[in-house]
Amino acid sequence: MVEAQKWTRRMSNPRLDTAATADDHVLDIPTTPTAEVRNGIYTFGSLLTPNLLTALIIASWFMSNTGVLLLNKYLLSFYGYRYPIFLTMLHMLSCASYSYIAINFLEIVPKQHILSKKQFLKIIALCAIFCFSVVCGNTSLSYIPVSFNQAIGATTPFFTAIFAFIITCKMESVKVYFALLPVVFGIVLATNSEPLFNLFGFLVCIGSTAARALKSVVQGILLTNEAEKLHSMNLLLYMAPMAALILLPFSLYNEGNVARITLEKAKTDSFIILLLIGNATVAYLVNLTNFLVTKHTSALTLQVLGNAKAALAAFVSVMVFRNPVTMTGVTGFAVTIMGIVLYSEAKKRSKITTY
């Protein structure tokens with residue numbers, strides 16, 4: 001951009017050009033406008049400061065993560081759409097479609113390719129664990145409240161520490177293990193005082209949480225080679241269609257021809273189509289905003305936000321669905337969240353002392 005300059009115009013006749021400079025005429029040349037101004041084009045990003053953009057991304061992350069939980073709960077429990085495997089398969093198809101558009105057309109990240117059969121088999125193994133985790137999580141929402149589901153889900157670091165020790169023999173510091181005690185104690189309190197406790201829902205939610213922790217440990221082991229490491233969005237691009245194929249036979253066997261049932265229901269209630277499309281879209285936005293939050297902040301920030309999300313989702317679900325809670329249950333949930341915060345801090349300090 002050319003800065004404003006001042007030019008002095010003097011009389012052309014030197015005899016008339018006296019020493020009195022007050023008669024000089026000063027011309028202000030305006031700054032040269034940018035191409036966007038000249039063409040009347042303003043990009044959305046140019047209107048946002050970095051801090052405002054980050055705040056909007058974090059707000060989108062909260063809304064998508066809370067929204068998918070509430071939509072799943074509404075569909076599976078209140079709307080009567082009791083097909084958690086088929087619903088998860090729709091999520092995977094949505095993630096595959098949106099990921100293809102985001103990477104191949106919008107180019108939000110460079111596209112990576114699967115380089116070997118060995119890498120392909122590793123991704124399938126991760127995909128199987130991922131499917132089990134998501135299906136169990138969605139199934140649990142048919143039996144237990146979102147608040148209790150989030151309390152159990154907050155214990156993921158506890159299972160991660162266990163699997164890391166069993167599989168890799170990795171020992172954490174005493175402070176890290178000590179910080180996990182409130183996590184366990186809190187969930188015991190919440191479980192004993194949950195008014196809508198359901199054993200099957202509790203067990204499948206524990207299975208979902210454990211599988212989520214197992215996936216993170218296995219992913220760290222299988223994709224250690226720099227050549228085999230995939231960006232999170234590329235990994236989703238390959239895992240999502242594989243997951244849909246894995247889930248299809250299980251859905252047909254356990255739930256029947258849900259596609260036909262859904263189309264029949266849509267003839268009398270078209271709202272079901274809007275619900276399913278919206279639910280599947282929000283499921284993809286969860287993954288997209290995870291990536292954007294990490295990109296604009298850090299992985300540690302995402303972990304801290306995860307703790308806040310669990311509390312927010314629990315609060316919103318109680319407000320929306322009016323499920324009963326007890327003070328002991330709220331206390332147990334708070335103790336669990338406090339334990340996660342202590343665990344994160346202890347983990348961070350142990351890494352600093354290691355280096």
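## Overall make-up

How many helices and strands are there in the chain? The chain holds 14 helices and two strands, where a helix is a DSSP run of H or I with at least four residues, a strand is a DSSP run of E with at least two, and both are numbered from the N terminus. This is a predicted model, in which local features need pLDDT of at least 70 and side-chain atom pairs count only at pLDDT 80 or more, while totals for chains, interfaces and linings use all residues. Residues are numbered from 1 along each chain as its sequence is written, and side-chain values use heavy atoms, with hydrogens and water left out.

Of the 355 residues in the chain, 43% are buried; here buried means under 20% relative accessible area, exposed means over 50%, and partly exposed covers what lies in between, with a 1.4 Å probe and protein chains only. The chain exposes about 19900 Å², and carbon and sulfur atoms supply 68% of that area, as computed by the Shrake-Rupley method with a 1.4 Å probe, for which only the protein chains shown count as cover for residues. Among contacts between residues at least 6 apart in sequence, 83% join residues at least 24 apart, a contact being heavy atoms within 4.5 Å.

## Two partners of helix α2

Helix α2 (residues 50-78) and helix α3 (residues 84-104) have axes that come within 11 Å and cross at roughly 145°; axes are lines fitted to C-alpha atoms, for helices over the stretch in contact, and angles run from 0 to 180 degrees between N-to-C directions. On the α2 side the contact is made by V68, N72, L75 and L76, and on the α3 side by P84, L87 and H91. These residues divide into five nonpolar, two polar and no charged, where Ala, Val, Leu, Ile, Met, Phe, Trp, Tyr, Cys and Pro count as nonpolar, Asp, Glu, Lys and Arg as charged, and the others, Gly among them, as polar.

Helix α2 also packs with helix α12 (residues 271-296), at an angle of about 145° and with the axes 8 Å apart. This crossing is left-handed, and the contact of α2 with α12 has 17 nonpolar, eleven polar and no charged residues.

S133 is found in helix α4 (residues 117-140), and it is buried, with a relative accessible area of 8%. Leaving aside neighbours within four places in sequence, S133 is in contact with S208, A211 and R212.

Helix α5 (residues 146-153) is mostly covered, since eight of its eight residues are buried. The buried residues of α5 are V146, S147, F148, N149, Q150, A151, I152 and G153.

A search of the whole structure finds zero disulfides, a disulfide being a pair of cysteine sulfur atoms within 2.5 Å. C131 is buried, with a relative accessible area of 5%.

F165 lies in helix α6 (residues 156-168) and is partly exposed, with a relative accessible area of 40%. Not counting residues up to four places away in sequence, F165 touches K170, M171 and Y177. F165 and V217 are 52 residues apart in sequence, and their C-alpha atoms are 9.9 Å apart in space.

V184, in helix α8 (residues 181-192), counts as partly exposed at 32% relative accessibility. The C-alpha atoms of V184 and T155 are separated by 7.3 Å, although these two residues are 29 residues apart along the chain.

## Two loop residues with positive phi

C169 is in the loop between α6 and α7 (174-179), and it has a positive phi of about 60° although it is not a glycine. C169 is exposed, with a relative accessible area of 59%.

R322 lies in the loop between α13 (299-321) and α14 (327-354), and here too the residue is not a glycine, yet has a positive phi of about 55°. R322 is exposed, with a relative accessible area of 64%.

Terms used: A crossing is left-handed if the near helix is turned anticlockwise from the far one by less than a right angle, and right-handed if clockwise.
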